[in-house]
Amino acid sequence: MIIFRLIGESFRFAFDALRQNKLRTMLSLLAITIGIFTIIAVFSAVDSFRAKLQSSVDKLGSNTIYVQKWPWIFGDYPWWKYMNRPQPSLRDFASLRDRMENADGITFEISTGNRTIKYRSSSVEGISVTGASQDFNKTWSFELQAGRYFTDNESKNGSPVCLMGADIAEGLFGSEDPIGKQAQILGRRVTVVGVFKKEGEDMLGTSLDKSVNIPINFAKGILDIQNERYNPQITVRGSTKVSLEEVESELTGLMRSIHRIRPGQEDDFALNKTTMISNQLDTMFNMVNIAGWVIGGFSILVGGFSIANIMFVSVKERTNIIGIQKSLGAKNYFILLQFIFESISLCILGGLLGLFFVFLFAKVITAVSGFEVILGLNNIILGIGISVVIGTISGFWPAYAASRLDPVEAIRS
């Protein structure tokens with residue numbers, strides 16, 4: 001029970017110091033407040049941004065590998081090493097589909113952007129069109145809010161059918177049922193057989209809300225699917241029964257065999273996976289976090305010295321009371337803990353004020369930009385934890401000096 005009484009008295013002394021010396025105490029707490037605000041605001045923004053990006057990356061699939069011409073490299077890009085590589089082809093796709101064992105789905109895909117789709121007098125501009133083989137529903141995570149997926153016959157025969165995003169369906173048909181309607185795209189009429197479920201904005205452009213999907217065999221009659229401008233790629237969704245490394249190893253061996261690459265020769269294809277993006281994001285956000293620690297750390301350092309100064313003044317002002325407490329039997333550790341808890345209390349006040357400003361900052365950013373910044377429980381705990389640590393460090397030496405006072409000399413003062 002004595003520890004709770006000690007904490008209660010320490011909070012009371014801290015509030016008394018704040019009440020009696022408002023300006024001095026608030027100026028001292030200001031640096032703590034600014035430091036906590038800077039660190040936690042940066043962490044909250046980074047966590048929110050990271051979560052939004054990661055949700056986009058997760059759509060691509062953690063066990064999915066993309067066979068492409070160009071590798072995903074961040075930083076200096078040696079494009080001259082890859083420009084003469086061949087594009088992934090339908091022949092590559094057919095060979096992989098027949099020979100791949102550790103795959104739940106394999107698709108050949110092309111895409112083209114900034115297209116217009118029309119229905120009677122309505123049109124939607126700036127959409128993307130994707131041509132994909134039958135297993136697109138196995139290599140891409142999506143749901144349909146209306147209609148159905150392509151049948152095997154529709155895919156094989158290249159039937160003029162399509163799936164479209166929710167935004168496109170709303171823009172073309174309004175409240176009408178889009179299933180069975182015929183829209184015009186790429187100069188051809190296509191029948192709508194399904195509508196993707198609305199996903200919302202996406203930071204990596206992986207949302208299907210403004211996308212139209214058509215069978216690859218239908219796309220062959222409209223577009224030159226081997227043209228680099230249409231970004232041909234083979235998407236392989238690895239089996240959940242084996243690791244991604246095993247899938248990648250098998251895929252590498254098969255592609256080298258299909259392209260007849262001799263031992264010792266470099267690959268003429270790239271196997272890209274989402275872990276490359278995730279690792280790059282981790283590196284980037286870690287650097288931002290370090291910057292937040294450095295900027296906020298200077299403010300917290302100044303705040304720590306300010307709190308220590310307040311505690312030395314507090315010890316000086318209460319020297320007589322300390323002497324009386326010790327003469328009545330108070331132990332050194334009791335005096336020590338009393339002042340340390342008081343220092344911690346002052347720092348927690350500054351930390352809570354900083355967290356309050358972070359909360360206001362998050363609300364303002366969300367309201368103004370539409371980008372939701374969330375002050376998570378982990379960052380609240382971190383802010384309070386930093387306050388406790390700084391309070392302990394700043395208050396220890398003044399508290400130690402107070403605990404070593406001679407009771408007779410202290411009473412005389």
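Q: Which residues in α9 meet which in α12?
A: In this predicted model, W293, I300, G304, I307, A308, M311, F312 and V315 are the residues of α9 that meet I386, I390, S394, G395, W397, P398 and A402 of α12.

Q: And how many of those are nonpolar, polar or charged?
A: The residues of the contact of α9 with α12 divide into 12 nonpolar and three polar, with no charged residue among them.

Q: At what angle do the two helices pack, and how far apart are their axes?
A: Helix α9, which covers residues 274-317, and helix α12, which covers residues 377-403, pack at an angle of about 30 degrees, and their axes are 9 Å apart. Angles under 35 degrees count as roughly parallel, and α9 and α12 are therefore roughly parallel to each other.

Q: Is the crossing left-handed or right-handed?
A: The crossing of α9 and α12 is right-handed.

Q: Switching to β8, how many of its residues are buried?
A: Strand β8, made of residues 211-215, is mostly covered, with five of its five residues buried.

Q: Which of them point which way?
A: S211, N213 and P215 point one way from β8, while V212 and I214 point the other way, and all are buried.

Q: What joins β3 to β8?
A: Strand β3, residues 122-132, is joined to β8 by five bridges, and these two strands run parallel; one of the pairs is G131 with its bridge partner I214 in β8.

Q: And β5, parallel or antiparallel to β8?
A: Strand β5, residues 161-164, runs antiparallel to β8 and is joined to it by two bridges, and M164 stands opposite V212 in β8.

How values were computed:
Residues are numbered from 1 along each chain as its sequence is written. This is a predicted model: local features need pLDDT of at least 70, side-chain atom pairs count only at pLDDT 80 or more; totals for chains, interfaces and linings use all residues. Side-chain values use heavy atoms; hydrogens and water are left out. Axes are lines fitted to C-alpha atoms, for helices over the stretch in contact, and angles run from 0 to 180 degrees between N-to-C directions. Helices (H or I, at least four residues) and strands (E, at least two) are DSSP runs, numbered from the N terminus. Angles under 35 degrees count as roughly parallel, over 145 as roughly antiparallel, 65 to 115 as roughly perpendicular and the rest as oblique. A crossing is left-handed if the near helix is turned anticlockwise from the far one by less than a right angle, and right-handed if clockwise. Contact means heavy atoms within 4.5 Å. Ala, Val, Leu, Ile, Met, Phe, Trp, Tyr, Cys and Pro count as nonpolar, Asp, Glu, Lys and Arg as charged, and the others, Gly among them, as polar. Buried means under 20% relative accessible area, exposed over 50%, partly exposed in between (1.4 Å probe, protein chains only). Two strands pair if DSSP finds at least two bridges between them.
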